[in-house]
Structure formats: C-alpha cells, structure tokens
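Here is the note you asked for, written to be read beside the model. Please keep the sequence open while going through the points.

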Amino acid sequence: MLKYILTRLLSGILTVYFIATVTFAAMHLVPGDPITGNKATSPEIRANLERKYGLDRPVLVQYGIYLKNMVNGDFGISFTQQNRSVNDIIRSHFPISATLGIASILFATFGGIFFGALTGISRKKIYDRSIMFGVILAISVPSFVFAAVSQFFMTELNQKAGTTLLPVGGWGGLSHMILPAIVLGLGTLAFLTRLMRSSLLEVVNQDYIRTARAKGLSPTRIFFSHQLRNAVLPVITVLGPAIAAITTGGFVVESVFAIPGLGRYFVQAVQQLDYTVIMGLTVFYGAFLVFMVITVDIAYGLIDPRIKVSARSA
Amino acid sequence: MLKSTTAHSETNSRFQKTMEVDPLIQDLTLQDFFQASREVSKQKISRPSLSYWKDAWLRLQRNRQAITSLGIIAGLTVFTLAGPLAWRLDPAFQDLTRISEPPTFAKSVLVLGEPEPFQELVSSEVPATPQLDAAATLKAPGLLQITGNPTTQSVRLQWSPSEGASGYVVYRSEEGPPGEDYLGVPIAEIEGGNRLSYEDRFNLEARRYHYAVTAKNGAESAGFSAIETTLAPAIRVADARKLTPDAEPGTRMTLPAHPLGTDYLGRDLLARLMEGARVSLFIGFVAPLLAMMIGILIGGVSGFAGGKVDHWLMRMTDFVLALPFLLFMILFKVAFGAGAGESGISAMLLAMVILSWTGSARLVRGQVLQLRDSEFVQASRLLGASWVYLLLRHLLPNTMGVILVSLTFAIPSAIFTEAFLSFIGMGVAPPTPSWGSMCNDGIQTFLTHPHEFLFPALFISMAVLAFNLLGDGLRDALDPKMRSVQ
C-alpha cells in the first residue's frame, strides 16, 4: 500500500510539472507581451522593464526561473491589480471557493446516493423513469441556466413572501451558500445518481445477496449492510473527477451568484487577460485537482479491501 | 431457468392425463393417418438476414426517446441551414427603437415626420414661485388635456394652473384609473407654478395609459386631475427609412415581427439564434469529428504496432488526459487568442481538438487490441490477408459502432463546452453570435427581459439533451454487450 501511495504521489508530481510546463508554453504563445500596453513606451523604458521582469533573458532561463518560483510556492504578481500577488489572491479567495465546493460535493454525493438507491430499489417504474429523466435533464442543462433560473424564482419567492427567504447573491452566512451549492452540485448529483443506480442493479443479483436472503435477513438489513455498502464503492472512485467538475463549474456559478471565490477571480483574470494570474491560478488549480484525484484514489484503496490486490499487482 | 423447468413438467403431466382419459385417441383407426405432403415440410421458418447496421437501426426505431431526439436533431439542422432562407431578417441589424422587446407579431405603425420641437406652455398669469402659505389649501390643477396626437413617440400634456402652486408632479399609470391611494409612477417633477405642460417620451408602448397631475408647493395637493389615453403605434421617419428607404411621413408601414423578441441592441433574436446555431453546432460537430479522427489514428497505430510505440503513445495520452479539461480550454483559448476581427472559432476548435482526442485514442486502442487477437482476424491473417485489408475489412468496421456511440456523446459535451466558454466571455468574439455568448448577453437583463436569456438557453439545453438521449439509444442499439443483458 505504501508503495502504491508513493508511486501515485510521484506520478502526481510529474503531472503537475507537466501542467506547469504546458501552461508556461501556452502563455508564451500569446501574441505580444504584458509590457506592450495602451501607452507607447520608449525603447529605453521598455528595455528596463524587460530587464526588471527578466523578459530579456532566453526562454529557457525564464522557464527555469518560473519553475523555481513555482517550487517555492510563488505564483507571481498580478499585472492588473496593484500590489496583489497571486498567492494573496489564492489565500483570500480560495477558502470561499473551497467552502462552497465542499457544500456542493456533500449535496451531490448524498443526493446522488439517495436518488440512485431510490431508482435501484423502487419497484414502481414511474419513480425510476421520472428520476432518470431528471438525471438526463440535469446533465444536459448548463449550470448557468440553473443558476439564472433559480435566482429568478428565488427573487419572485422573496417578493411574494415579503422577506428574504434565501439571498440570491453575495457571500455571508450559511443562507448565502444554499442556492449556489445546489446549482453547482446538480450536474454531479445527476451523474452520481446514474452511477449509483447501475452499480446497485449489478449488486442486487450477486450471490451474497441471495445468501443473505436465504439466511432470513430482513430486507432493510440486506439493503443497508449488503447492497448499499457494496454499491457505494464505485461512487467513491469518481469523486475525483466530480471534484474537478465542481471546481471548474464554480467559475460560472460564482460569477452568476457574485460570490467572491477564486473561480470568479479566475474568470475575471481571464477576461482582463491578466497573464500572470491566469498562469499562476491554472497551475494552482491543476495541482489541486491532480492531488484531489490521488487522495480519492488512495482513500478508495483504504476503504475497499478488494483494491489492495490489484494495487500490488499494478 | 427455474421457470422453464416448471413449465415443462406441467405440460408433461397434462400430456399424461390426456393419454389416460381422452376417448378420442382410443377411437383412432389406421385410416386416420396419412402421409404428409412434401410441401408442408418445405415450409421453412426464416427471416431475412439482418446486417449489423440494419439490426441496430431496427433496435433504435423501437426506442421512442432516441427517435424523438433524432427528430429534434434533424429539426435543429433544418433550423440552422434552411432557417435563414425562410426567415430573412438580418441578424446583425440593430433596431434601437425596439430594444429588448418581448416576442411580438408584425404590427402596423404610423410614420411620423420629423417632430416639431416641443413648445413649453409658460403662463404669464400665475407667478412661478408664490407665497409659501398657500400650501395648506393647494387645489388640484384643472383640466388636464392632451395636445396633438398621442403616439408611442410622444404624448404632450397640458393643464391649467393651480393657484398657489410652485410646481407640478406628473404621474403615469398602466393600471386602472388613478385613485386617492395610487396615481401611478411619478415621471416628472416640474418646478415653477407657471409651467403648464409636459412631453412624455419615455419608454412608451402602444397601450392605454392614465396620466395624472398634482400641484405642489412643499407638499403635494391631495386633489389631482387625470386623463386616459390610448397611444397609436408610431415610428419616426428617420428610423422608418432604416427599414424601408422610401418611407414617407403620414403613411403607414408594417414593422417586422419578432417571434422571439429582440436583444439589448434591438436585433431579432430568432435570426440571431439561427446564426448562433451555425457556430454552436459547427463547433459541436466538427471538434469531436476532428478529435475522433486523430484519436482513431493514434489509437489504431498504438494498438496495431504495440511495443515501444504503443508505450510512448499511451504515456503521451495519459499526460494530455491529466490536464484538467475546462481549465486548459480556457488557457489554450487565451493562448491561441483571436486577432481583431476574428471570431475565435478556429482557436476554440484547435484547443478542443488538442485536449479531447485522448478518449477516443484509448477507446480505439482497446478495441484494436481486443480484435487483433480474435479468432476471425487470426483466421484472416492465416489466409494471407495484408494488414491494410485487416484494418479496413475487420478492425474498422467492428469498432465503428463503439466509435459512433462515443462520437454521439462527444457532440453534446462539445456544445456544452462552447456554451460554457462563451458564457464566461472566452468563446467566440462578440459580433459573431453563438448560443453561449447570447446567454452571456441575455443574463445581464434576465430579471427584466427573461426572453433574451431563456431562448438561447432553451436551444442549448434542447440540443444537448437530444444528443445525450440519442447517444443512450445508440449505445443500447449498437453495443452487443448490452444485448445479452436485455
């Protein structure tokens, strides 16, 4: 198991290095450079600025400096916001995104398991049909549509009620989190529902279920300690990609709900072409996602006893 | 299994019973038996042989959701390609007199000449600023009337002075006649007791309005004077000539219908949706197709060649697969940029293809590996088939089903990605519409003019939903593994 963890971590570091390199290369493809602005600068000033920021050095040297900074955890300085380093931006806005992300991943996971189990065990076709149609709908409708429509209806509801039942934007207490967390988690919830359903249908026909039934266990007991426990495991494997989906989904949802999270800052940086922030945040997000996936994989290995065998052989 | 055995034993027992009891059988004689003619045994039970694709098509036809989706997709294609032929409004034409209009039919309007400048009525009989002590007994201004023809271009109001007033407040209401508790929305506060007229030109629609005016001097008078009017739809000749160059004042003309309304620049939403469909669906079809072709090439080579080539190609695939998709879509979109005047479609295509060929490469490699060692390929090889023949005759046709299914699922996700990127302003550049960028424009005014957001959102959702359902149907129809389950 230790060997497995080490291999995964090593490959993760390699992937992050690759991500950093691609990011660097991509940003060097951008026509023009950050110094070329609206105002004409004299060649002397230009040369000074280039020396100051190391832009006059060969690309490989720049690449080396960039990698060194990244290793030291220095993601650069914003070009459009005064006195703001990317680290600063991450420090003050990432916790907000993380809080929202955790809330919506919890919503998506428990909701997905619940609805998946419901479709998997319900004898009535109508439940199965309607939930599965809802799933397809939730997968097909972009999150910004859900965001806008939920905002619209919440505003109407608030007006009808005469008070603010749920705020439709901004960031503050728990109440600010409910609507965006639901919208953000909806797509993932649908995806997990589908997965949970198919994995439950697979488990239902297993021999050990028949054995349990033959032993005379109650249906509730069979469901909770045999079917659900085994069916939930595949759901955990896709939590890595699910976290990625929710993180990138946050870009849009945070913008629509005016939440001062990192995603909204990333989108703003992209719109203002703030290259250093784009670069720094891309590497940060990339590293974050890679290690989230690894964490989920390792956690899965620890939870599922069957995985250890295949890990050793891998 | 269990069921069939019990059924079998049941028929057995019934058979035994008839053997014992039925008297008819006991009465049979030799004459009751004769030789069956050859014709009967010649009848064979057979069905026309079905090819893989014919069979898949039959299966798909039985799937109602998939067929409906296929219809929707066909409809969208017709909408995109033939739509602009039938609906000839210019999607780029900005009608600034009809901004953010909800869906409307064609309407006939009066063409007005250049308006005479509004002459304000200033009375010399009453003072502009009377003594303040008149406030308590302030009376309503008398006789509110409309001068000239009230049209959607302007409504000119005039009233007679109220004694002791230092100014007037004009109200407009779209609901019932003004009462004591509600006069309408205050649209103007006029300072000066001798100014007795007002021209309303703000956001007028062709409908009934109630105007009311009160006098004020510190406080407002309790009494008011009111008038009701229905506005005639009208357009100024300068604006009319932008639509039809030979429009003359005093004539009537028909304004084009906007079945889906107009956007924030007065452009026809239906025409823009058609043009946007071209961008969204083009990216939705072409990006997966290109990615799939690269994927087939790399996956095919990798699986066929094996060894070191396979190893390094797959390492490369793993690395590209490790890049978070949407994050790097944004990054590449920034990197490839769009020069001035470019739409940015090719940049988006390029970014999408670079990042999304991996899935199909892995899929094709897996399929090729599986098929390469299968018996029928070995047999073919044994008979001396060249590798080109193997590839074209055996490998490709047998992977086609899986490829088609994954292509069908790649299309909605490409449409989705385009919408996502355009929505955060990283998609196609502004003058070119796409469904995603139209959503981005529309969401700014969503609370007041929901149609600008809802229609493009509806089209995105419908297209993605249809492709997803069709993909589900195709997978069920084409995937042999699914058949054994059913």
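Predicted model: local features only at pLDDT ≥ 70, side-chain atom pairs only at ≥ 80, totals over all residues.

1. Residues are numbered from 1 along each chain as its sequence is written, chains are lettered from A in the order in which they are written, and side-chain values use heavy atoms, without hydrogens and water.

2. In chain A, helix 6 (residues 143-161) packs with helix 7 (residues 174-204) at an angle of about 150 degrees, their axes being 9 Å apart; helices here are DSSP runs of H or I with at least four residues, and axes are lines fitted to C-alpha atoms over the stretch in contact, with angles from 0 to 180 degrees between N-to-C directions. The two helices of chain A are therefore roughly antiparallel, a label used for angles over 145 degrees.

3. Contact means heavy atoms within 4.5 Å, and on the helix 6 side of chain A the residues that meet helix 7 are S143(A), F146(A), A147(A), S150(A) and M154(A), while helix 7 contributes L179(A), V183(A) and L186(A).

4. Between the chains, 41 residues of chain A are in contact with 37 residues of chain B.

5. A salt bridge, taken as a side-chain nitrogen of Lys or Arg within 4 Å of a carboxyl oxygen of Asp or Glu, occurs once between chain A and chain B, where D472(B) meets R194(A) at 3.7 Å, N to O. Over all chains the count is twelve salt bridges.

Key
Parallel < 35°, antiparallel > 145°, perpendicular 65-115°, else oblique.
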